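Thanks for coming. I will walk through one structure today, going from the chains to the sheets and helices. Please look at the picture before I start.

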Amino acid sequence: MSDAMNNPANSLLVQDARTAKRNAAEKRFRFFGIAAIATGLVFLVILLTAIFSNGTGAFQQTFLTVPVHLDETKLDKAGNRDIEDIKKVSTFGYNPLIQQAVFDMVQAQGIETPFTKRGDMKALISASAAAQLRDEVIANPDLIGQTIEFRVLATSRVDGYLKGRVTRESVERDKNIDAEHFDLVDGLRDAGIVKKSFNWDFITGADASESRPEQAGMGVAMVGSFFMMLVVLLCALPIGVAASIYLEEFAPQNRWTDLIEVNISNLAAVPSIVFGILGLAVFIQFAHLPQSAPLVGGLVLTLMTLPTIIISTRASLKAVPPSIRDAALGVGASKMQSVFHHVLPLAMPGILTGTIIGLAQALGETAPLLLIGMVGYIASDMPDGFLGGFLDPNSAMPAQIYEWAKRADPAYYERAWGGIIILLMFLMTMNIIAVILRRRFERRW
Amino acid sequence: MPFLWLVLIVLAIAASGYVIGRGRAMQSAGGDARHLHSLPGYYGWNVALKAAVPAFLVLVLALIVQPLIINKTVSSMIPESEIAEGSNLGLVMAEVRRTADGIDHLVNEGLMDESAARNARTDFTDITQRLKDAGQVVTSNITQPVLAAAQKYRVMNGSGKLVRSALVILVALAGLLWGLKESHKDFRARNIVERSILAMLMAGASVAVLTTLGIVLSLIFNTVEFFKLYPALDFFTLLEWSPSFSGRGGSSALGVLPLLWGTFYISIVALLVAVPIGLFAAIYLSEYAGPKVRAFAKPMLEVLAGIPTIVYGLFALLTLGPMLLSVFGDDGGLGWMQGQRAVMTAGIAMGIMLIPFVSSLSDDIINAVPQAMRDGSYGLGATQSETIKQVVLPAALPGIVGAVLLAASRAIGETMIVVMGAGAAASLSLNPFEAMTTVTAKIVSQLTGDSDFASPEALVAFALGMTLFVLTLALNVFALYIVRKYREQYD
Amino acid sequence: MNDMRIVRKDVDMNDTKISAKGVQVFYGDTHAIKDVDVEIRDKTVTAFIGPSGCGKSTFLRCLNRMNDTIDICRVEGNILLDGEDIYDKRVDPVQLRAKVGMVFQRPNPFPKSIYDNIAYGPRIHGLAKNKADLDEIVEKALRRGAIWDEVKDRLDAPGTGLSGGQQQRLCIARAVATEPEVLLMDEPCSALDPIATLQVEELIDELRENFSVVIVTHSMQQAARVSQKTAFFHLGNLVEYGDTEQIFTNPQDERTESYITGRIG
């Protein structure tokens, strides 16, 4: 061993073959690690790319801006502008006016087309356009007799053509629209009549029937989600905080406490669909609460998020050092006073952070909502009033997305992706708020 | 609305109780708070709590008991002959309730006067017609007994409400008086209030137990109901899943095995994606990565966990499925895959979802291996990978197994991804590119759309739910046990 | 005295194993070791003593580059092993640590069998040709670790099941099994009871025949019992280095004297 220093084979400065091999293995192993992380990140990128490349289209909608002559003889035969009479004219009375307007515009622009009747324009115009025009006239009857610039909602086929989703080949067997219509659209687009513009109705509007994807929006579902989150906040926060305070500060060591602890940790891992079954059996079958109501959805989600909130609340209560409690008890405060005056306020930022994260989790949850009937019908009306927000049947954002994904028309897929963008925006905002709260108020003892 | 009013009235009584109680206590101490046993506020709270808590308990009790009594009375009015073939009492009762709601609506709109609504001898064709005219959804076949039951239901409901409100307000006032009587300077108000708060805290904690109880009871009752209509042996052993859609044929084959096979197959694919990637990512992050890489990559991976499952479902259905189909499908591909929905589609999407779950759990577990272990290995001249492979991972193995089991339980209970990505037909195939269905997907499909809870085709969902609940619970308890044992070893 | 004769023999050989010159160690902004020069001889037990936080463990960990595993640690100066700079770019710390083994403050057996604990080093360094060879290496190491008789019947039992003293001897045997040239020991007895300490100290004395041993200890008695050379560290400085006898009986520096007589530390 003493001759080690003279033997070059044993020198530290020369790497022996075995070490070289081992180092190669080291490099391989390290590469696997990097590859795993890269794969995970690539998945994230693919997912986000899929969402944004497919979904941004939903925020744009195609309109035809044409002057529509609101013919008095059609809309107000009596001519006395009586609102009740005007209301009697259904959308069938408005359809020809819009079709005529578009047809006139085609003629005026001199676009070459085999279509000779105004009825042929129907393929371009959404069935919802007439209803929108009617609403506008009813809101302002004085418009009758005038010619107004009106943004006519185009059909989802035309919209899809402008967005590249629908092609001439793909409509060969479509009985609603022909390739010639697209020639027309091309001409109108060149003339600046057909244009895509930002789609506020997608954000604020209501769901539409199966055949009118161009009109469908997330607004009502957002309201539904909002009321559900309100229920979750009002139920889960007090119950969760109460449970955490009890378990962390007061609970004696006994069987009941153990039972509660075991239940909480197991509930955290119960599949969400099982909570849906619970909601269906208890709230709807047994308690006869209305189906599809945000109240029921909120209650189910409350039970589901409760473990999350309890776990994070207990962690923040635990983080408050015992010296604070001792100090309060030392000046003669009762145990209850020491908790409510000192421990709870100090733990509040952590509790709020946990609650926001629990809410975000609840906001994206879909499965239990399917069972309590928040899909399968069209949430087309805003709830009336505050109480109605809780009790009227409604959808929720993720349920609405699922509903759209189920529908046959591919135009709804774009809506579903767009809905996901909105949902993710909400989740991101909530998480950022949670992070900021944590950063601002985090206290290291 | 009267309900909301009732709540507000009770709250108002409690609030006034607070003010009066506080005042009385102060008065008994001659206006000097120092002579009181407790702070003045506690006397107020004592009164308020005594007014509100019993009243609300009575209210909740009434809300639960009242419908039960009314249902029992009214359903006894319906003769056996009214229950049609294939229908049951529950359905008829639902109709009774709808009719009653319809009549309520008519009365509210002023389309019918109260006496007509109550008169049992009313010509029922007239009422039916009027209900239909008013746009109330009432099935065409309202019969005389149903109408009579509906009228009885209305009356009982109405008087029930009245009695309930009176009782609640009475209890609130009694509580108020009781509390006020106690508001004296020597009364230990703080102790009483604190004890009530403690009771409320404990009630909050017990919600978790109640939830579990609710889950277990609702699953058990309906499962028992299902096994009354369908042989349990068939459910557990039949290799076929084909519910009949009519709900009356009785020719449904409801075997759970094909569904379990689909569930396990998809979960295995998901774990095959998530475990290697998640584990290697965790190893790299905890053993190799510098603080900068860690600060970037860890939250980025966790974004995957924060994305709702509906997004993965949509991704599977609209992106992953077509992508796989173009490679493995008939059309220019390898010809293994028939449609977009397949075990692979759902499995891969689920695997991506589980990556951060596996990686963050394993990360915690690897970090729990004491540094002394690593030092011991480095001190002997081991490279980092040798240390990880031969010292850290074996030491962390129980914990990692626990993490994988937790991930498996997640995969088994996942719903949206399989509903959208896995397909609807049950099959016992080995081909991962074939569409299969799972327990969760069938729970959804059996319980949505059809509101008839009495048929075996709907009730089977509860038996499936029970299977799922027992399965995931067992996995979780076992996994948590392993992980806890593991942590204790190094604490 | 027996000890003294051996020391004299070492001095006669004048065989420097490790030579450190101008070593500085920084932890982030903290200057933990300031300009330390020391020569460690072969087949000798060298003790590093000093109050806690004086940098003796830090310096010890520089000798087999264990500090590499700490990101914020930076080492300057020269440390030569057999005349080769161990901080040279060409040096693989893995190869270095095979030559400079280490035993830690707390016994840290791997959660494996006793046999696998010992065989771990020989396996990764490929020291055994076959199973029989490995068995032999394991037995030899356990004998050198003075634990063979206690564990020979239960080599398959987990190493974590042994008592604290046995675990530490197992760790020493584990370190010895890779045939290092230098054995670093970082307070090897601090977690042990007096009887176990005695056993380990006897073991250290035996190990001196084959290895150069460097031991960090906070116990002056232990340093006096086991070592031939002693270095006294204080606040990151090497205050005094010399024969153990001389340090304890006739310290040159007054800080050393204060420490030894118990006035500081």
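Before we talk about chains touching each other, one term: two residues are in contact if their C-beta atoms, placed from the backbone, lie within 7 Å. Also keep in mind that this is a predicted model.

With that term in hand, how many residues of chain A are in contact with chain B? There are 69 on the chain A side, and they meet 68 residues of chain B. Helix α1 of chain A, residues 17–55, provides the largest share of the chain A side, namely 19 residues. Sorted by class, the chain A side holds 50 nonpolar, 15 polar and four charged residues.

Now the contact of chain B with chain C. Here 15 residues of chain B touch 22 residues of chain C. On the chain B side, helices α13 (371–379) and α14 (384–413) each supply at least two residues. Of the elements in chain B, α13(B) gives the most, with six residues. The chain B side is made up of eight nonpolar, five polar and two charged residues.

Staying with chain B, the UniProt record, an unreviewed entry, places the feature "transmembrane region" at several stretches, including residues 45–70 and 162–180. In the model, residues 45–70 of chain B are 100% helix and 0% strand, with the end C-alpha atoms 37 Å apart. Residues 162–180 of chain B are also 100% helix and 0% strand, and their end C-alpha atoms lie 27 Å apart.

Next, chain A on its own. Chain A is divided into domain 1 (2–55), domain 2 (58–204) and domain 3 (219–441). The C-alpha centres of domain 2 and domain 3 of chain A are 44 Å apart. Eight residues of domain 2 of chain A are in contact with nine residues of domain 3 of chain A. Which elements of domain 2 of chain A each supply at least two residues to that side? They are α6 (156–163) and α8 (200–204) of chain A. The helix that gives the most is α8(A), with three residues. By class, this side of domain 2 of chain A has four nonpolar, three polar and one charged residues.

Chain A also has an open sheet of three strands, in the order β2-β1-β3, with antiparallel pairing. Its edge strands are β2 (147–153) and β3 (194–198) of chain A, each of which pairs on one side only. From one strand to the next, the twist averages 40°. Strand β1 (residues 60–69) of chain A is joined to β2(A) by seven bridges. One residue pair to find on the screen is A:L64, whose bridge partner in β2(A) is A:V152.

Now chain C. The UniProt record, again an unreviewed entry, gives the annotation "domain: ABC transporter" to residues 18–260 of chain C. That span is 38% helix and 27% strand, and its end C-alpha atoms lie 26 Å apart.

Start with the hairpin in chain C. Strands β1 (residues 16–27) and β2 (residues 30–41) of chain C run antiparallel and are joined by eight bridges. C:A20 stands opposite C:V38 in β2(C). Two residues lie between the strands of this hairpin, and C:G28 takes a positive phi near 60°.

Chain C also has an open sheet of six strands, with mixed pairing and the order β6-β7-β8-β3-β9-β10.

Last, a helix pair in chain C. Helices α4 (residues 114–125) and α5 (residues 131–144) of chain C pack at an angle of about 110°, with their axes 9 Å apart. That angle makes α4(C) roughly perpendicular to α5(C). Among the residues making the contact are C:Y115 and C:I118 of α4(C), and C:L134 and C:I137 of α5(C). The residues of this contact divide into nine nonpolar, no polar and no charged.

Methods. Residues numbered from 1 in each chain as written. Chains lettered and ligands numbered in written order. Predicted model: local features only at pLDDT ≥ 70, side-chain atom pairs only at ≥ 80, totals over all residues. Pairing = 2+ DSSP bridges. Helix = DSSP H or I, 4+ residues; strand = E, 2+ residues; numbered from the N terminus. Axes fitted to C-alpha atoms, helices over the stretch in contact; angles between N-to-C directions. Parallel < 35°, antiparallel > 145°, perpendicular 65-115°, else oblique. Nonpolar A, V, L, I, M, F, W, Y, C, P; charged D, E, K, R; others polar. Domains from an automatic or database assignment. UniProt positions renumbered as here; feature names shortened; annotations may be inferred.
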